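Trainee: I am new to this structure. Please take one part of it and describe that part closely, with its surroundings.

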Amino acid sequence: MRAAATNGWRNQIVVGGTRWSSKAFENQTVQFSGATANSVGSRFLHASRIARMPVTIHPESDAFKILNNEGVWIIPSSDPSARLKPHLKIGLMNLMPVKPPTETQIYRMMGRAPVHVDLTLFVPDSYAAKNTSPEYLSKFYKRWSEVKSEKFDGFIMTGAPIETLPFEEVAYWNELKSFFERVRETDASLLSLCWGAMASLYYFHQVPKYITPRKQFGVYSHANLEPTNILMQGLGGDVGVPVSRHTRWDRADIEPLRDRLQLVLDSRETGPCLVWDGKLGHAHMINHLEYDADTLHGEYVRDRAKGTPTGEPIHVPHGYYPSDDPAQTPQHAWKSAGQVFYSNWLSAVLRRKAAGAPGP
């Protein structure tokens with residue numbers, strides 16, 4: 001098996017102004033500065049753990065077993081002392097049809113972060129999952145009405161396979177509007193992903209989405225337009241990011257909102273990737289730094305067998321397989337960037353909480 005061709009973003013990452021290879025970054029002890037250090041205090045951190053702190057997980061979940069085997073620091077949610085420790089309380093609205101892989105990916109990012117995270121899983125009240133049993137949802141998830149009155153420091157909202165629908169035609173759109181208003185009222189931080197990012201940017205800033213002629217699919221180079229932004233510190237000038245969607249944003253809709261929004265990651269090939277609303281503390285991320293190494297492969301195999309929602313034949317994901325050969329094993333080239341990005345976001349949550357805790 002040949003290694004994938006080396007691009008500027010594939011094997012390099014910048015920490016505290018120093019450029020490291022991905023391998024060195026994951027195996028060396030370096031001093032973090034900027035957003036992370038400002039929030040947790042300057043200290044030496046093992047980079048592969050990003051100031052590793054625990055994440056609270058249900059002990060019977062798939063994520064608990066997988067991440068425990070990986071050595072991620074986990075506290076069982078059944079441990080009565082878990083929530084007595086200083087932590088960030090984060091709500092995860094998981095709208096993906098198959099829940100466990102997304103749960104594991106987000107838990108992994110939280111478990112390699114600079115703060116103890118207590119993650120609450122929930123879905124809208126009227127949400128009905130086609131590929132997840134009611135028993136699973138009842139055991140591991142809450143409904144929005146059950147958690148709405150709780151205090152959260154921040155929320156993560158995933159995508160959903162409904163991106164070609166107008167927002168107003170989504171069955172639970174009114175509940176999402178209630179959720180967005182609660183986020184605003186409590187001054188909680190928000191990280192929205194994929195379709196979730198499209199929905200949140202549309203709700204808060206009326207930025208529309210556009211259907212693409214064919215699926216944007218693969219690992220694409222993105223320019224770090226704002227390297228001093230709290231989300232971007234340590235990520236260097238070019239960042240390779242997994243992309244998997246049938247819709248996009250247009251820069252022309254974002255640029256007039258520069259007094260409110262900051263475009264921080266952008267691709268010449270697939271368009272805007274990450275938009276930051278510093279006043280509200282919202283990060284709208286249309287792509288997937290949390291993806292596992294084989295996630296795009298699984299989507300490629302699925303789409304080859306079942307077709308794409310828009311009906312066009314699926315193409316080999318761009319920049320993903322070595323030599324564009326699906327028989328070869330892809331590299332997890334964005335792994336380090338993903339860990340830094342999610343730690344940076346949690347640092348932003350910490351800063352916002354320190355400035356003024358969310359209200360009731």
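Leaving aside residues up to four places away in sequence, Ala 197 touches Ser 192, Trp 249, His 284, Met 285 and Ile 286, where contact means heavy atoms within 4.5 Å. This is a predicted model, in which local features need pLDDT of at least 70 and side-chain atom pairs count only at pLDDT 80 or more, while totals for chains, interfaces and linings use all residues. Residues are numbered from 1 along each chain as its sequence is written, and side-chain values use heavy atoms, with hydrogens and water left out.

Ala 197 belongs to helix H8, which spans residues 195-205. Helices (H or I, at least four residues) are DSSP runs, numbered from the N terminus. Ala 197 counts as buried because its relative accessibility is 0%; buried means under 20% relative accessible area, with a 1.4 Å probe and protein chains only.

Along the chain, Cys 273 is 76 residues from Ala 197, yet their C-alpha atoms are separated by 9.6 Å. Cys 273 is buried too, with a relative accessible area of 0%. Cys 194 has a relative accessible area of 10% and is also buried. The structure holds zero disulfides, a disulfide being a pair of cysteine sulfur atoms within 2.5 Å.

The axes of H8 and helix H7 (residues 173-186) come within 11 Å and cross at roughly 70°. Axes are lines fitted to C-alpha atoms, for helices over the stretch in contact, and angles run from 0 to 180 degrees between N-to-C directions. H7 and H8 are therefore roughly perpendicular to each other; angles of 65 to 115 degrees count that way, under 35 is roughly parallel, over 145 roughly antiparallel, and the rest oblique. On the H7 side, the contact is made by Trp 173, Leu 176, Lys 177, Phe 180, Glu 181 and Arg 184. H8 contributes Trp 195, Ala 199, Ser 200, Tyr 202, Tyr 203 and Phe 204. By class, this contact of H7 with H8 has eight nonpolar, one polar and three charged residues. Here Ala, Val, Leu, Ile, Met, Phe, Trp, Tyr, Cys and Pro count as nonpolar, Asp, Glu, Lys and Arg as charged, and the others, Gly among them, as polar.

Helix H3 (residues 62-70) and helix H4 (residues 99-111) pack at an angle of about 45°, with their axes 9 Å apart. That makes H3 oblique to H4.

Methods: Helices (H or I, at least four residues) and strands (E, at least two) are DSSP runs, numbered from the N terminus. Buried means under 20% relative accessible area, exposed over 50%, partly exposed in between (1.4 Å probe, protein chains only).
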